[in-house]
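Dear colleague,

Please find below the structure that I am handing over to you. My findings follow directly after it.

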Amino acid sequence: MNNRNEQLNPTTHRLVSKLPLPPRARLTLRVGVTGHRPNNLEGAQSARLRSQSQRALECLKEMTAKLHERHLQECKHKKEKQVYRSDPPILRIISPLAEGSDQLVAEGALTLGFELQCPLPFSRKEYEKDFKTERSRKDFDKLLHKANSILELDGSKETELRQSQSYEAVGRMVLNQSDVIIAIWNGEKAGRRGGTSQIADEAERAGIPLIWINSKAPHAIMLKLNQDDDWLAWKNGSAPLLDKLETLLMPPRHAGSEHSTKSGKRRKPDSLAEYLSENEHKWKWGFLWKVFRDLVAFRTRAIRIDLRPSAQPLKEVIDRIEGALGAHYARADQLANYYADVYRSAFVLNYLLSACAVLCAYLAHAVHKYNMTASFIFAIVEVLILSAIILNTVFGHRQRWHERWIDYRLLAEHLRLTKFLMALGRVSVSPPRWPAHISYGDPRNSWMYWHLRALVREVGMITAHFDRSYLEATRDFFNERGIKGQIHYHEPNAVRLEKVNHRLHSFGIILFLLAFNAAFLHFLIHEDPWTLLLTLITIVGPAFGAALAAIRSQGEFDRLTKRSRAMTSQLKRVSDQLDRLILQDGDLSSLRLSEIAVNGGQLMVDEVLDWRIVFQERPLDWPS
């Protein structure tokens, strides 16, 4: 069913009524830095290296400003509402501030108005031991005080392997938080684990635009946009970079493209603009579905889960995440629930009305020779019922109830999962690569994913220290409120769906058996009004039975029951893994916790995508 309002934080839910429209994101560009330390910059021309990095940063700043201005002008020209706010773009540098390249780029970025966010491989005090001179430590402290976000990872120098893993972890954190990477690098592939070579290679494979400033004089700038592309000289590569940034930062252009219908081509509304313009729906037109569900399965008490953590080390972090994304989640969740109820009410109404139309048609014929007025009334009612089915279906298609429900639910579920993962410094998990035959439904190219990325990009990196108390609190938060929260949804959901499916199936069989018995009794009973009653049962019984079967099929209750049970089983395994982290004293690390959290998150993402595939093929249709 995927009505997940059971999990909505009541505090967040109240925010919806205070927001006439969801807040727009602010255009943000995140630039990550990786590069050599002083020992690998011997022979470098410091002034030239600095000017080249400044040149790249200035170009990125100009491109971002140009794209923002273009967006505002296009919206004004087309008289459309802005997707981004009018505020100047946020330019952000992501740098661990290691000696050498990291600090050099960060210093230049700050002079250009970039904000600074710093993931550190170790605690601040431990990391300071990496700096060889008092001057470099002072430079580090000076830059760190200008950062608006500092994430201290739980790296260790106990062994050479652990130290390499720590540098690798912070490098991947930079990649996770960046849209573009600036690498001051000698171009050699060999290097230590977590070094510049590895991070640059992973950026290429991830499709993150890579600006390579050669650490060897004369420090030429090269650009690579994708792994399979060739390196471009900066003079020739800046235009392709602008195109890449436009694709990344600008709203999808095909959201309002034309699509074919049986009557010709009709322009599809811009889904993103439509979502951003959605107002709160005070009239809940989808009440019929809930009435029908509760009559069939009896009312099931909703489970509400408060997403606010009780552990103090995590409270400030979650408050920040909730403040940034809570209203967006509440809005998407509320709209998804609204359109889910409207869509379900529409197909339940269509199928039940179609059976009622059969009933009226028979009654109009049956009473024709007894009462012409009654026959005429039944005929009129039949026409009205058929007209109601037509209007309901046409209006549902035009308002795109089915499509809005699926889109808004996907957005809401990704926002909810993102709120959990951001506590670990993660942005989100990626959907799997889709096979070609269903590539039309790939959500990676959709407005929902674009909007999600725009919101997450603006929020940026959290400020936290990954010590044991923080990791324990995060583990408990993700396990209790995230994984077990989903278990508390899927377990009763499976029970309720099974009841709905079983009872609709049973009612259909009962109606069929009544029709069969009535048809048999026709051979034994020949007097009115019994023959009229038996004929009514033989005609109307199968009609209503078919309507219930159609509702079962359209609602996919059997398949959803199996999915909820399978998800419950798999989520319990993830929960057990999280529980064992505390019992295994030496195994609680951000790397291990992130691995389990991402796997659990991927499980939930895959479930939502599977649900999306199922219901994309179930639009509101004629009850034929």
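Q52 lies in helix α2; helices here are DSSP runs of H or I with at least four residues, strands are DSSP runs of E with at least two, and both are numbered from the N terminus. This is a predicted model, in which local features need pLDDT of at least 70 and side-chain atom pairs count only at pLDDT 80 or more, while totals for chains, interfaces and linings use all residues. Residues are numbered from 1 along each chain as its sequence is written, and side-chain values use heavy atoms, with hydrogens and water left out.

With a relative accessibility of 4%, Q52 counts as buried (buried is under 20% relative accessible area, exposed over 50%, partly exposed in between; 1.4 Å probe, protein chains only). Apart from its neighbours within four places in sequence, Q52 is in contact with I213, H219, A220 and I221, where contact means heavy atoms within 4.5 Å. Just after α2, K79 takes a positive phi of about 55°.

The sheet is open and mixed, with 9 strands in the order β8-β7-β6-β5-β1-β2-β3-β4-β11; two strands pair if DSSP finds at least two bridges between them. Strands β8 (232-233) and β11 (464-465) stand at the edges with a single partner strand each, so one side of each has no neighbour in the sheet. Strands β5 (residues 180-185) and β6 (residues 210-214) pair in the parallel sense over 5 bridges, and the bridge partner of I182 in β6 is I211.

The whole structure contains 44 salt bridges, each defined as a side-chain nitrogen of Lys or Arg within 4 Å of a carboxyl oxygen of Asp or Glu. One of them joins K419 to E322, with the closest N and O atoms 3.2 Å apart. As K419 lies in helix α13 (residues 401-421) and E322 in helix α11 (residues 312-366), this pair ties together parts that are 97 residues apart in sequence. Both K419 and E322 are buried.

R400 forms a salt bridge with E403 at 3.1 Å between the closest N and O atoms; R400 is buried at 8%, whereas E403 is partly exposed at 24%. Finally, a network of salt bridges links K189, D201, E204, R205 and K224.

Yours sincerely
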